[in-house]
Amino acid sequence: MPDNGLLVQMILGALLGLSVYLPMAAGQLSLATPAFYAVGGTLAALMATHADHQGTISLGAVLWEMVVAGALTAALATLVGLPVLRLRGIYLAIATIALVEIVRVAILNLPFTGGATGIFGIPQPFHHPLGYITLSGGLLALCGWAFQRLETSRLGRAMAAIRDDELATRCMGINTTRVKLSAFVASAVLAGVTGVIAAHYLNTWNARQGSFDVAITTLAFVILGGSRSWLGPVIGGLLLTALPELLRPVGDLRLVLFGLVILLGPVFFPQGLITPALLEKLGRWKLRRLKP
Amino acid sequence: MSAALLQILLNGAASGGVYALVALGYTLIFSVLGVINFAQGALFSLGGYLTFLLMGGRIGVNGALPGWHLPVALPFWMALLLAAIGAGVVALLVERVAFAPLRRRGADPLLSLITSLGAGVVLVNLLQILMGAEGYAFPAGAAALEGLPEALLIGGARIRTVQVVLLLISAGAVAALTVWLERSRTGQAMRAVAEDPTAARLMGIHSGAIVRLAFLLSGMLAGLGGGLIGLSVSLAGPYFGISFGLKGLAVLVLGGLGSVPGAIAGGLLMGLAEALIPSAASGWRDALAFAVLFAVLVLRPSGLLGRRLQEKV
């Protein structure tokens, strides 16, 4: 059974998975999530350590940081998204990797972000992991509700249509640029807000938190969990965050095994763990239980 | 031209040559398959470590077998060549495990991005288990350069001999590959597969073999780059190839995906641009490649020498 601390990390993983999933649901392979995650985390670390909190911080202040981080990442994502979202497929993926690297080097070199060691002693709003579980779990539940609603909304259907055929969608009179940008901005905001929680939970923040490795891992959450419904990235994020910890007994081999999972997962489960067929089966099973 | 500027340009060209090697490796695979092999950076690391081991280098205290070394101590040139071949063979293995099963099934090319990343993670961490995370420096006089001075004076500019060697080897490899692609029958077959896989198969070209050849060559280029950087700088831990892999990606886009001259020009341009950054701002050097990449993608997505993309409906 995972301990409470691991549970927080698993939930944060699920949130990041959802952040990668959002643009993908509109057919856009963006790996920008770690960049916005790093921006959110750095912002929280700066705001929390500059005000004098004597080691603790009120929940209200953390929520305010989340609002500011959300606004900042939304602005940033709009600015970056407008030119970048004209790119397709592998080009968009490479452009967003570039963004991740630029943000990482910037955080490493800016005079006020603590260089390679980063920012220490970020005050804690909770004295027990249970508080973090409630906060991040609450956010995850909220996201689950929002994603479920999204699937039947106008925007969600437009995203699915773009994923299937962007040109046809545009011909139907849908402003595809706006839909793609909405998905990109929402993904950035979710990553930024998750970064705020992570910075407080980890107590320290540095440039490594948003590196290319994170882009790989979060993408793996979606691919292995399944990219056809929002449940996929959630399950993928929870499982794959727990996996390296569960593999701790094998010591140095755990990262090799983690790599093998990423390598062989798409070969054996091309649609991920949560497939449309599985969801349909689940739906029929629920229907049967409701109507005996 | 002032000596100082010439010195900067020569150093820039030397590192640019290595970037071109990495980018050419991506280009070969991208042109025949339309996918990017993200294990390229790990193969770069592998090449560096293989060269070190084949030269008789000892594994450090944090490795799996501290103090162990290969019973041979080859001269640098031979070690480099064998390491490149070794990296090429591992690239074939990567193709077998990470690319071939997906291609057979006609899966989304996006998936091979993940599987090749996974292959890279496995390789780098195996290296880490074997060799430990510490850095390794090649023994002094490794490249049989004892007869030569530490640095050469070219037109008043002082440049380390190693850098000149680096430039010459990468230029030689790039030139050989270009001529081979242009002139040889197999090179023509490879270009035919890159142009139109279906038509190439109808012409009797064994496209599977061509794909494997592309992986072999691409792995060899990465391994060569890793060995050269190991000689000129050092092996800074098993992850050192990853940053070269990422920069190679930037070069690839700068030159235009799938364009051989573009990859070479892009590599040189990137090396020169990095060398021109003053040392006071050297922390930002790593961002330059990606800032350039970002700008190129936004302004001219087909790259400097790439073909314009045309979408057919």
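1. B:Glu274 is buried, at 5% relative accessibility. In this predicted model, the side chain of B:Glu274 meets that of B:Lys247 in a salt bridge, 3.4 Å from N to O. The pair ties together distant parts of the chain: B:Lys247 sits in helix 9 of chain B and B:Glu274 in helix 10 (residues 260–275), 27 residues apart. B:Lys247 is buried as well, with a relative accessible area of 10%. That value falls under the 20% cut-off, so the residue counts as buried.

2. A second salt bridge in chain B joins B:Arg103 to B:Glu95. The closest N and O atoms are 2.9 Å apart. Are the two partners buried or partly exposed? B:Glu95 is buried, at 2% relative accessibility. B:Arg103 is partly exposed, at 35%.

3. Chain A has a salt bridge between A:Glu166 and A:Arg170, at 4.0 Å from N to O. Both residues lie in helix 7 (residues 166–171) of chain A. They are 4 residues apart, about one turn of the helix. A:Glu166 is buried, with a relative accessible area of 12%. A:Arg170 is partly exposed, at 41%. A:Lys180 joins A:Glu166 and A:Arg170 in a network of salt bridges.

4. How many salt bridges are there over all chains? The count comes to 6. Across the interface of chain B and chain A, the rule finds 0. Side chains of opposite charge can pair when their charged atoms come close.

5. Now the interface itself. In chain B, 40 residues are in contact with 37 residues of chain A. The area buried between the two chains is about 3600 Å². Carbon and sulfur atoms give 84% of that area. On the chain B side, B:Ile114, B:Trp284 and B:Phe294 lose the most area to chain A. Together they account for 16% of what that side buries.

6. Which polar links cross between the chains? The rule finds 2 residue pairs in polar contact across the interface of chain B and chain A, both at pLDDT 80 or more. Four elements of chain B each give two or more residues to the side that touches chain A: helix 3 (76–105), helix 4 (109–131), helix 9 (240–255) and helix 11 (285–299). Helix 4 of chain B gives the largest share, 13 residues. By residue class, the chain B side divides into 33 nonpolar, 4 polar and 3 charged.

7. Next, the aromatic rings. The count comes to 17 aromatic pairs over all chains. In one of them, the rings of B:Tyr49 and B:Tyr136 have their centres 6.0 Å apart. Their planes stand at 85°, so the pair is edge-to-face. This pair also links distant parts of the chain. B:Tyr49 is in helix 2 (residues 40–54) of chain B, and B:Tyr136 is in the loop between helix 4 and strand 1 (151–154), 87 residues apart.

8. Both tyrosines are buried: B:Tyr49 has a relative accessible area of 1%, and B:Tyr136 has 7%. They also belong to a cluster linked by ring pairs.

9. Back in chain A, look at A:Ser187. This serine is found in helix 8 (residues 176–202). Its relative accessibility is 3%, so A:Ser187 counts as buried. A polar atom of the A:Ser187 side chain lies 2.8 Å from the backbone oxygen of A:Ser19. Not counting residues up to four places away in sequence, A:Ser187 touches A:Ser19, A:Leu22, A:Pro23 and A:Thr33.

10. A:Thr42 sits in helix 2 (residues 33–50) of chain A. A:Thr42 is buried, with a relative accessible area of 8%. A polar contact of 3.3 Å joins its side chain to that of A:Trp205. Beyond its neighbours within four places in sequence, A:Thr42 is in contact with A:Ile107, A:Thr113 and A:Trp205.

11. Two further positions, one from each chain. A:Leu130 is in helix 5 (residues 129–151) of chain A and is partly exposed, at 46% relative accessibility. B:Val165 is in helix 5 (residues 161–183) of chain B and is buried, at 11%. A:Leu130 and A:Ser229 are 99 residues apart in sequence and 28 Å apart in space, C-alpha to C-alpha.

Key. Residues are numbered from 1 along each chain as its sequence is written. Chains are lettered from A and ligands numbered from 1 in the order in which they are written. This is a predicted model: local features need pLDDT of at least 70, side-chain atom pairs count only at pLDDT 80 or more; totals for chains, interfaces and linings use all residues. Side-chain values use heavy atoms; hydrogens and water are left out. Contact means heavy atoms within 4.5 Å. Buried area is the accessible area (1.4 Å probe) that two parts lose on being put together, summed over both. A polar contact is a pair of N or O atoms within 3.5 Å; within protein, one must be able to donate a hydrogen and the other to accept it, and residues adjacent in sequence count only if both atoms are side-chain atoms. Ala, Val, Leu, Ile, Met, Phe, Trp, Tyr, Cys and Pro count as nonpolar, Asp, Glu, Lys and Arg as charged, and the others, Gly among them, as polar. Rings of Phe, Tyr and Trp (its six-membered ring) pair if their centres lie within 6.5 Å; planes under 30 degrees apart count as stacked, over 60 as edge-to-face and the rest as tilted. Buried means under 20% relative accessible area, exposed over 50%, partly exposed in between (1.4 Å probe, protein chains only).
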